[in-house]
Amino acid sequence: EEEAEEAEEEEVLAEDMLLLMVHLFSERAMIGEDLTASARRQLVHRLACTHHATHSEICSSISRPLLEHPSFLPTLHAIADYVAPQGMSQGRYTLKREAWAEYDLLYTLYSQQETMRSHERAERLAPPGTPPPEPRPPCAAFRRLPAASRSAALHGFVYATLAAAASPAGRVTERMLSAAVRLLTLALRWRGEGEAEAEEAGRRGSRTRSAFSFASRPKETSSQRCSFSPPGGPSAGTRTSASGGAPPPPQG
């Protein structure tokens, strides 16, 4: 029983970790997305959760800065059809079919229940084979963010998830698998971006390490400069001469 509980906890943690990575790589609300784009994205995903919504219901689910932005109403009319009131029912908005191309199953602000509802509707209404929307370029301060998608540690996590999904004994949820595939897709999409910055950062790091190594190295006499310690050989305190003989006698 304890093992089953631990396995369930690990599954939840792994899913949260994968989703967090997707959100870090995809979310642009604070690092490069303007209010018009944010309002459009929020409206699309609010309406994707329900068959229709009144104006007041929509306003209650959107943040105030976006509601007060001049682009809010034009954006709402661009992505939704308005159904006029009939009898006692109020006027309602429904998401246009073409706007489903902007739907993202792993949308940041969805709860698990909202994800399930929107996914069920997307299977019926979204164009088949529609890829997830591509993240906008981040602002200058985060221009190297795409390069992080090529992290070996991240790829190891993704590979472990995919391997577990292919194993009969693996415990992988649909959201975990979707997040792992999304991370792999982003890494492939961004494989040419941020390389120059990453190489320059690597060169700067190498120069820094070399300078530190030189500065921290003790002074050696001329007879010791030809000595070396091969990998896996003697410790740093014992030097072996280049000719393979015994350690040189102490100087003094």
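Tutor: A residue is buried under 20% relative accessible area, exposed over 50% and partly exposed in between (1.4 Å probe, protein chains only). This is a predicted model, in which local features need pLDDT of at least 70, side-chain atom pairs count only at pLDDT 80 or more, and totals for chains, interfaces and linings use all residues. Residues are numbered from 1 along each chain as its sequence is written, and side-chain values use heavy atoms, with hydrogens and water left out.

Student: Is Tyr93 buried or exposed?

Tutor: Tyr93 counts as buried because its relative accessibility is 7%. Tyr82, at 48%, counts as partly exposed.

Student: How many aromatic pairs does the structure contain?

Tutor: Rings of Phe, Tyr and Trp (its six-membered ring) pair if their centres lie within 6.5 Å; planes under 30 degrees apart are stacked, over 60 edge-to-face, the rest tilted. The whole structure holds 4 such pairs. In one of them, the ring centres of Tyr82 and Tyr93 are 5.0 Å apart and the planes stand at 55 degrees, so the pair is tilted.

Student: At what angle do helix 7 and helix 8 cross?

Tutor: Two packed helices are described by the angle and the distance between their axes. The axes of helix 7 (residues 152–166) and helix 8 (residues 174–189), lines fitted to C-alpha atoms over the stretch in contact, come within 9 Å and cross at roughly 135 degrees, on a scale from 0 to 180 degrees between N-to-C directions.

Conventions:
Helices (H or I, at least four residues) and strands (E, at least two) are DSSP runs, numbered from the N terminus.
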